[in-house]
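Hi,

Here's the structure I said I'd pass on. Have a look first, and then read on for what turned up in it.

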Amino acid sequence: MVRKAEEHELFAEEVADSEERKTLFLEAAEIYVNVSKICSSHQVAHYVQRAKECYLKSQQKKTVISPIIIETKIIETKKVSFDDVVGLENVKEKIRLKIIEPFKHPELYTYFGKKIGGGILMYGPPGCGKTLLAEAAAHEAGCAFFSVSVGSITSKYVGETEKNITELFTQAREAAPSIIFFDELEALGSERSNATEYARTAVSQLLTEMNGLGNREQHILLIGATNEPWNVDIALRRPGRFGDHLFIPPLDFKARYKLLKQYLKNRPLAGDVNLIAIAIETQHYSGADIVALCDDAIEHALTDSLKVKAARNVTMDDFINALAQKHAKSTIQWFKMAIKELEKNKDESFQEVVIEGRKVLSAALREVVA
Ligand SMILES: Nc1ncnc2c1ncn2[C@@H]1O[C@H](COP(=O)(O)OP(=O)(O)OP(=O)(O)O)[C@@H](O)[C@H]1O
Ligand SMILES: [Mg+2]
């Protein structure tokens, strides 16, 4: 039995598919729990620990970002579709028009004289679905997908960063049609943020490559994502570059409810779990905060089950417990910081942030007063 669990673990570390990885780790955890019930008493703690480790690993995503661009291969798009991204309907529609349809019906775009190309800049609080949306867009478009964490391509060594960027675009051209996704775009810096000289040359190189994309035959589209849009170089934000700016707001009530339902679909929930109440209580939580909250509640039930060596379902009390842990309402912190930055820089762009932010902050204040 133990060997089987170990095999599952080993295999899970190898597989690329995140769902398969998760299932394998969960299966390994279950085997270890069963082993802990029948093993000698001095080994119980050991197997319980291994079960916990496997469970935790099942919740972690395998990273798809290659640290060095030169070694970047086309990343197999995960099986994430727009249906997996809850809420954000108008954002999905815009991405569909700008990214997916041009790949599927280039002739129509040519007929209407609509230029294909350029890029989208997604911005908003952390954990609200920017990366997920980019992955889903690539999957829906059915094209090659290059995912790049900008922080990882900016090398300290002279000329390395430019080389990385050139290599990335060469690979994307060869694999076209393709999408290049630049995560943490602000890491390239801007004039205002006193970026290093290296980062400045990286911006110039990126601009050169992007200008070359004007050629319709190339079929490369760009998506950028950032939590600090004001720190993205203004030259990169212009039309034809990352010219379309899409605000990815925090999840509304309906989206939070959908996310809870989706995430807890195959979990053993007790009859008293009220997802509507949880969705109400999680106002100002990001999607990632909600997932973390669910994981906490599940872990609570798992730990209890391990103690008594009998599985029990996740109850509303487990969620109440997890809610009481005061998960940071990360979107509130972000809005505070964003409004401050935009006001400090007298930046007229990204007004949606200011409008939405003021609403969020006054709602949060009302909550405190009440
Ligand atoms: N709209 C959403 N629909 C479904 N799941 C979501 C959504 N938003 C967030 N999540 C959950 O939260 C996790 C984190 O989301 P994601 O990585 O896309 O956030 P992000 O906006 O890219 O954050 P960051 O700015 O920190 O990179 C997702 O893997 C998913 O589990
Ligand atoms: Mg992200």
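β1 (119-123) and β5 (244-247) run parallel and are joined by four bridges, with Leu121 standing opposite His245 of β5. Strands here are DSSP E runs of at least two residues and helices are H or I runs of at least four, numbered from the N terminus; two strands pair if DSSP finds at least two bridges between them.

Before going further: this is a predicted model, where local features need pLDDT of at least 70 and side-chain atom pairs count only at pLDDT 80 or more, while totals for chains, interfaces and linings use all residues. Residues are numbered from 1 along each chain as its sequence is written, and chains are lettered from A and ligands numbered from 1 in the order in which they are written.

That pair belongs to an open, parallel sheet of five strands, ordered β2-β3-β4-β1-β5. β2 (144-149) and β5 sit at the edges, each pairing on one side only.

Then there's helix α4 (residues 89-104). Its buried residues (20 or more other C-beta atoms within 10 Å of their own, C-beta atoms being placed from the backbone; 12 or fewer is exposed, in between partly exposed) include Val91, Ile95 and Phe103. The buried residues of α4 pack against β1, β3, β4 and β5, as well as α5 and α6 (contact means C-beta atoms, placed from the backbone, within 7 Å).

Lastly, why does Met1 count as exposed? Because Met1 has 11 C-beta neighbours inside 10 Å. Beyond its neighbours within four places in sequence, Met1 is in contact with Ile31, Asn34 and Val35.

Cheers

Technical notes
Contact = placed C-beta atoms within 7 Å.
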